[in-house]
Amino acid sequence: MAVGVFDLFSIGIGPSSSHTVGPMRAAAVFAEELKASGVLDRVAGLRVDLYGSLAATGHGHGTMTAILLGLEGFHPELILPEEVEERLAAIAETGTLQLAGAGERNGVPLPYGVKDMILRPLTILPRHTNGMTFTVSDADGEVLHSATFFSVGGGFIVREGEEDAALKELDESKKELPLPFRTAAELLEHCQSKGLSIGEIMFVNERASRTEAEIREGLLHIYSVMEGCVQVSLKREGLLPGGLKVRRRAPDWHERLLKEDKDRDPKYWQEWVNLIALAVNEENASGGRVVTAPTNGAAGIIPAVLYYALHFAPGMDKATQADRDDVVVKFLLTAAAVGVLYKEQASISGAEVGCQGEVGSASSMAAAGLAEVMGGTPQQVENAAEIAMEHNLGLTCDPIGGLVQIPCIERNAIAAAKAINAAKMALWGDGTHRVSLDEVIVTMRETGKDMSSKYKETAMGGLAVNVVEC
């Protein structure tokens, strides 16, 4: 299907969309296939091979435990945080996985755990560095079913051998859209010919598969999950898991802000933006529930900039709840339209193009959303998105210990501020600019291709090797 707003903004668990959400989704699909094919009852053996970046940084990203949950039949958008803890504790205690049973006894019990997975960090499959193969066999060792998947960023998965079919399906589904676009130039052309904003173009396309009420309700729900994520994070204290001894800062920062900024003084806007970004990404780092926006590693940027739009943009002090809901819907639709451009022309996968594809894309999307809700023209909105990405080009993905903590958490706060500044700069212009959004997206893609693999979520370069973990 054509990439839509609810593909770019999906609910899942942390810490990584490409290394946690995608692998869990792939494993769940494999488990469902076992049920549908009728071979589940004959399964006596299981093998999981992880390749490239999944193998290199999987332990820090929670890849292995996510796969165990997926093999049990759990999906990232449906599983509850308490179910995650319950099932992982049960698997660790018993050493037994309930294959395709969603934790219930109707699955096939197999002695299997994290230590049984085969890691191949130096083997890169042709399609993508985030490759994984699932294989089941019967009591005689005969292979019953095997499948290879790639986690291509943002929780999206592609099955080996079906890449061309998936692209064909995508092209066909786009033909059904009233106003299809692949480039920013095409998007702006639609805006010009129809007299619509970028967010409105995205809304028209979304209405091809959902009602107006469903779109609005869905987007408001997405934002409510973002808000809930912040509230949960503000109640957690202590150190983040993983061994780096990174202290949670959001609760203390929130307490200090409540004391220093009792009347929501505009001079504190950046402190609040920083707080929201940190809170979301601290929750993500601890494996909590977040909104992939468009990835988990960059999940704090759009909530932080949207918070700015709702609390510090001109006129919002007098806004009604209906006005605020309109801002949320318009912001997310516009951000998603820009996100489509990155999915179509480049990548949002840190393992494929570095962190410029994750944090850079999110910053660009957020800048566009803010520019639109602050009254920008389509040209100004496109300019805002371009400015934000232009100044994230070359950003590497080198998390220490393979954990989505350093530099990821602070990086979200910095990128959120960049997005706000990009929007303000664009709004002070008239929309004309020398470098187009399409040009900067292609540049990001080419930069990612040229970037050494050690800077693309492998924990083999940058901060990951130059900073002692303990």
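Me: Which way does H13 pass H18, in a left-handed or a right-handed crossing?
Reply: In this predicted model, H13 passes H18 in a right-handed crossing.

Me: At what angle do the axes cross?
Reply: The axes of helix H13, residues 321-345, and helix H18, residues 437-450, come within 10 Å and cross at roughly 45 degrees. That angle makes H13 oblique to H18.

Me: Which residues in H13 and H18 meet there?
Reply: From H13 there are Leu341, Tyr342 and Gln345, and in H18 they meet Leu437, Asp438, Ile441, Val442, Met444 and Arg445. Sorted by class, the contact of H13 with H18 has six nonpolar residues, one polar residue and two charged residues.

Me: OK, new topic: H16. How many of its residues are buried?
Reply: Eleven of the 13 residues of H16 are buried, so H16 is largely enclosed by the rest of the structure. The buried residues are Pro378, Gln380, Val381, Glu382, Asn383, Ala384, Ala385, Glu386, Ile387, Ala388 and Met389.

Me: And what covers the buried residues of H16?
Reply: The cover includes helix H7 (184-194), helix H8 (198-206), helix H15 (359-373) and helix H17 (408-427), and it also includes H13 and H18, the two helices that cross at roughly 45 degrees.

Me: What span should H16 have, and how far apart are its end C-alpha atoms?
Reply: At 1.5 Å a residue, the 13 residues of helix H16, residues 378-390, should span 18 Å, and the end C-alpha atoms are 18 Å apart, which agrees.

Me: What about proline 294?
Reply: A cis peptide bond joins alanine 293 and proline 294, with omega about -5 degrees, and proline 294 has its place in the loop between strand E9 (289-292) and helix H12 (301-311).

Me: What is phi for lysine 245, and where does that residue lie?
Reply: Phi of lysine 245 is near 60 degrees, which is a positive value in a residue other than glycine. Lysine 245 lies in the loop between helix H9 (212-234) and helix H10 (250-260).

Me: Is lysine 245 buried or exposed?
Reply: Lysine 245 is exposed, because its relative accessible area is 67% and the cut-off for exposed is over 50%.

Me: And arginine 264?
Reply: Phi of arginine 264 is near 55 degrees, a positive value in a residue other than glycine, and arginine 264 is found in the loop between H10 and helix H11 (269-285). At 30% relative accessibility, arginine 264 counts as partly exposed.

Note on methods: Residues are numbered from 1 along each chain as its sequence is written. This is a predicted model: local features need pLDDT of at least 70, side-chain atom pairs count only at pLDDT 80 or more; totals for chains, interfaces and linings use all residues. Side-chain values use heavy atoms; hydrogens and water are left out. Axes are lines fitted to C-alpha atoms, for helices over the stretch in contact, and angles run from 0 to 180 degrees between N-to-C directions. Helices (H or I, at least four residues) and strands (E, at least two) are DSSP runs, numbered from the N terminus. Angles under 35 degrees count as roughly parallel, over 145 as roughly antiparallel, 65 to 115 as roughly perpendicular and the rest as oblique. A crossing is left-handed if the near helix is turned anticlockwise from the far one by less than a right angle, and right-handed if clockwise. Contact means heavy atoms within 4.5 Å. Ala, Val, Leu, Ile, Met, Phe, Trp, Tyr, Cys and Pro count as nonpolar, Asp, Glu, Lys and Arg as charged, and the others, Gly among them, as polar. The expected span of a helix is 1.5 Å times one less than its number of residues. Buried means under 20% relative accessible area, exposed over 50%, partly exposed in between (1.4 Å probe, protein chains only).
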